[in-house]
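Please study the sequence and the structure shown here before reading on. The paragraphs below it are intended as a guided reading.

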Amino acid sequence: MTTADGLGPVAAAVRKAFVDAEGRPVAVRIRRLDAADYRGRGRIVVPDAATVAQLVPAQRVTGAVVVTDEDATVLLHTDAPEGARLAPTAAGVDAATAELTGTVSRLRAEAGVVDALHSIGRRLTAQLDLDVVVQEATDAATGATGAAFGAFFYNLVDQFGESYTLYTLSGVPREAFSRFPMPRNTAVFGPTFDGTGTVRSADITADPRFGHNAPYHGMPEGHLPVRSYLAVSVVSPTSGEVLGGFFFGHPETVRFTERHEYLAEGIAGYAAIALDNARLFERERTLAAELSRSMVPAAPRIPGLDLVTRYLPAATGSKVGGDWFDVLRLGSDATAFVIGDVVGHGVAAATVMGQVRTAIRSYALLELPPSEVLRNVSQLTGRFAEPSFVTCFYAVHEPADHSLTYANAGHLPAVLVHADGTPQQIGEALAQPLGVGAEFPQEQVAFPPGTDLVPYTDGLVESRTRDLTVGIAGLLTALGALHDALHDGSDAETAWDRLIHDLTGGSHDDDIALIHVRRRDGGAV
């Protein structure tokens, strides 16, 4: 803590020594100095006359003291007659404050360690990407311990229940370890992989546990030199499972201290929490993605129509599970097209999506008009145990009269691309979402050969960095160009992959579902 004059605690104490014969304070001038000039001379120095003359030329000085503490190096000087008494006083202050200064210095160092741990912990536990977590943890722990290099070996279980080990490195390129096998459960490595305790060695080559295992009996040829060694287990706080271990090395002896051990163990604790979070998140995300994929059917072959469909789970973040599409052949030779989005994400959204999709299929196969299909499904959705908010665009193509009849429950408008390539949005703001709305007006447009229909979900046109209106405008322009390209013979599947990449920049943080329906020119109906 500093005083109003910006003085540290020791300088403030020394300043009180500037008094007159009656013990009253005298005027003191303060000047900050370059700490490098006084490094190694002591915390409190009474400079000689030549030094004083150099520091404060052309001024009368009767007493001066240079003080270096945690905050700065300052010169305190006075022209009062009693200034000459400062030498013994300064020595007394120095002796009296030595222990206090050391304590303050140690407390500040410990506070810095705690702050550093908390900062690393906040960064790690806020991260859900497993690869990022393990690399950031390795980098942070290697830097905190002063190791020449660090490694983090961790265990994963794949979709078939098989366990395998991966590792990250810090301080050296990955090629430095690429030729060596994974560490085994030897006497040196065992405590880390078993979670029985931290291992810290001033010289691991002199450790009685070192060098007893074939085929290397120590460091493999070409291995980075390791003398100082520190290894810490990473143990799940929820299950007690050993998730992996940190290993740190340095070519010099006696490099790792108790403080380094404390820091490594603290980072290992935060890394364990972050790994637990990341693994739980990844399991839920995978479950939701698989559930969504299992409910998204392959589009049937429809005479007279060319179909391209896409379902792409969110590439980033936790947004997965709520989008779907469906293409249904009806008994009257009509075809129903469905695109929808459950508000919310994860397993719960995917489950609601499955229920709504099944309900729409059931009513659609009864060949109810689009307005009736959505009305019935909305009533059903409103009775779910948990309130649900679902948007849906539903359209039926009648090949006999070249028509498309549609209704929209709060979903983005679909795009109709006319034979001349002109895009038109249809179904905009017709009704509220399913579970909320009660009436769903339907409309009809001509759908002759050469016309395209593209219903889609918002992940195609909107993201955290892309405004919805801008995204829709870009889609309309792209669909006009796509219509012309397909007319000239381009492959539709390849063209759509390229279009999605161009619209999203190669990364989408929400699901994408879409159907491209193209009526063939002069094709059979």
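The following paragraphs treat the nonpolar cores and then an open sheet with its helices.

The model is a predicted one. Its largest nonpolar core has 27 residues. Within this core, the residues with the most contacts are Trp324, Val356, Ile360, Leu374, Tyr394 and Leu434. Two or more residues each are given by the strands β11 (323-329), β12 (335-342), β13 (390-398) and β14 (403-409), and by the helices α7 (347-365) and α8 (370-381). The greatest contribution comes from α7, with seven residues.

Leaving aside residues up to four places away in sequence, Leu374 touches Cys392, Tyr394, Ala407, Asn408, Ala409, Leu434 and Phe440.

Five strands, in the order β10-β19-β18-β15-β16, form an open sheet with antiparallel pairing. Because β10 (305-312) and β16 (423-426) stand at the edges and each has a single partner strand, one side of each lacks a neighbour in the sheet. On average, neighbouring strands are turned by 15° against each other, direction ignored. The antiparallel strands β10 and β19 (residues 512-519) are joined by eight bridges, and Leu312 stands opposite Ile512 in β19.

Two helices complete this description. Helix α9 (residues 468-487) packs on the sheet and touches β15 (414-417), β16, β18 (452-454) and β19; the direction of α9 makes about 40° with that of β19. Helix α10 (residues 492-504) also packs on the sheet, where α10 touches β10, β18 and β19. The direction of α10 makes about 40° with that of β10.

Technical notes. Residues numbered from 1 in each chain as written. Predicted model: local features only at pLDDT ≥ 70, side-chain atom pairs only at ≥ 80, totals over all residues. Heavy atoms only, no water. Core = buried A, V, L, I, M, F, W, Y, C linked by side-chain atoms within 4.5 Å. Buried < 20%, exposed > 50% of the residue type's maximum accessible area, 1.4 Å probe, protein only. Helix = DSSP H or I, 4+ residues; strand = E, 2+ residues; numbered from the N terminus. Contact = heavy atoms within 4.5 Å. Pairing = 2+ DSSP bridges. Axes fitted to C-alpha atoms, helices over the stretch in contact; angles between N-to-C directions.
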